[in-house]
Amino acid sequence: MKLRRLKALFGVVVLGATLSACGLSLNPGVPYDIQPGSIQPIPSLQGLKVTVGSKDFTENIILAYMAEMALTASGADVVDLSDIKGSNSSRQALLSGQTDVTWEYTGTGWINYQGNELPVPGGEKAQYEATAKADAEKFGVTWLNYSPLNDQYAFAVTEAYGAQNNLKTTSDLAAFIKQKPDQAVFCLETEFTSRQDGFPAAVKAYGFQNPKIENFGIGTIYSAVAGGTCPVGEVFTTDGRISGLNLRVLEDDKKAFPQYNAVATLRTDFVNAHPEIRGPLEKISAAIDNEQMVQLCKQVDVDGQDTGKVAHDWMVKKGFVK
């Protein structure tokens, strides 16, 4: 089964027009012959057109590619719409039917999409269950099975800076910059600066006073912190550049940030019409965890490997595809 997603462009004229109006575009294909492994063809999915979306950062794109390969092995006709800029755009693409599958994060769903101000107490599974229930009731979105992959926000500094100033937790950071306000310079992405589960949550929990914010794309924050542009930066805890650039992640000791377990989400009407689609996607959810994702992201962002190849190698190693 050939996964050449660019071919799909010629069969989705209506979708293509809609995407162009929204500034979205279908992406070039990953040229792999996907053969079934433990994920076998499913008769009801043969020829079913499934558009897979993702946000615009490495982990989410890797997950999208994994989903595309799993669904291709199952017999679906897969369209790639990965690398959508911004969480809200990715979410709207799902709700409007421009995409059918996207990997979402429980904290993002609970705070940003459902309008809650505080995380759910009780840990990862409690957050997942509350988010899934509310999304199904309010927005007609189904969250597939819980995944142990939990990619949380955090702040990071260089190991040298952290050791010099005895910084281990975010409370340590808050106390330090209260004494040295000139060090209250944060490298942040624009979305994190304003979203309620991002920097505003940290300011509320830790009381940062008059922070100076330098806005960067998420991909450049890590190198900016490592290079001394900002002493503190926003990071994702599963990002391979943390180890690759020798950064120290500060513990979110006051639990300002919610849990962010990554789960495949689909519109409920689509799942109800094609319930067998759960199986291939939930195999991925059950198999991936933080330790593995750190290494996969490192292969892309530090070692310079192709994102599609990294996803494909993992799928083959797990025996899902050949």
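Analyst: Happy to! Let's start with Cys297: with a relative accessible area of 2%, Cys297 is buried. Buried means under 20% relative accessible area, exposed means over 50%, and partly exposed is in between, using a 1.4 Å probe and protein chains only. This is a predicted model, where local features need pLDDT of at least 70, side-chain atom pairs count only at pLDDT 80 or more, and totals for chains, interfaces and linings use all residues. Residues are numbered from 1 along each chain as its sequence is written, and side-chain values use heavy atoms, leaving out hydrogens and water.

User: How many disulfides does a search of the whole structure find?

Analyst: The search finds one. Its partners are Cys187 and Cys230, whose sulfur atoms are 2.2 Å apart. Cys187 sits in strand 8 (residues 185–188) and Cys230 in the loop between helix 10 and strand 10, so the link ties together parts that are 43 residues apart in sequence. Helices (H or I, at least four residues) and strands (E, at least two) are DSSP runs, numbered from the N terminus. The link is right-handed, with 85 degrees about the S-S bond.

User: Is Cys230 buried or exposed?

Analyst: Cys230 has 1% relative accessibility, so Cys230 counts as buried.

User: Which residues does Cys230 touch?

Analyst: Contact means heavy atoms within 4.5 Å. Leaving aside residues up to four places away in sequence, Cys230 touches Val185, Phe186, Cys187, Glu214, Phe216, Ala224 and Val225. In the chain as a whole, 78% of the contacts with a separation of 6 or more are between residues 24 or more positions apart.

User: What helices and strands does the chain have, and what is its radius of gyration?

Analyst: The chain has 15 helices and twelve strands. Its radius of gyration is 20 Å, close to the 20 Å that the globule rule gives for 322 residues, so the chain is as compact as a globular protein of that length. This radius is taken over C-alpha atoms, and the rule is 2.2 Å times the number of residues to the power 0.38. Buried residues make up 55% of the 322.

Notes:
Disulfide = S-S within 2.5 Å.
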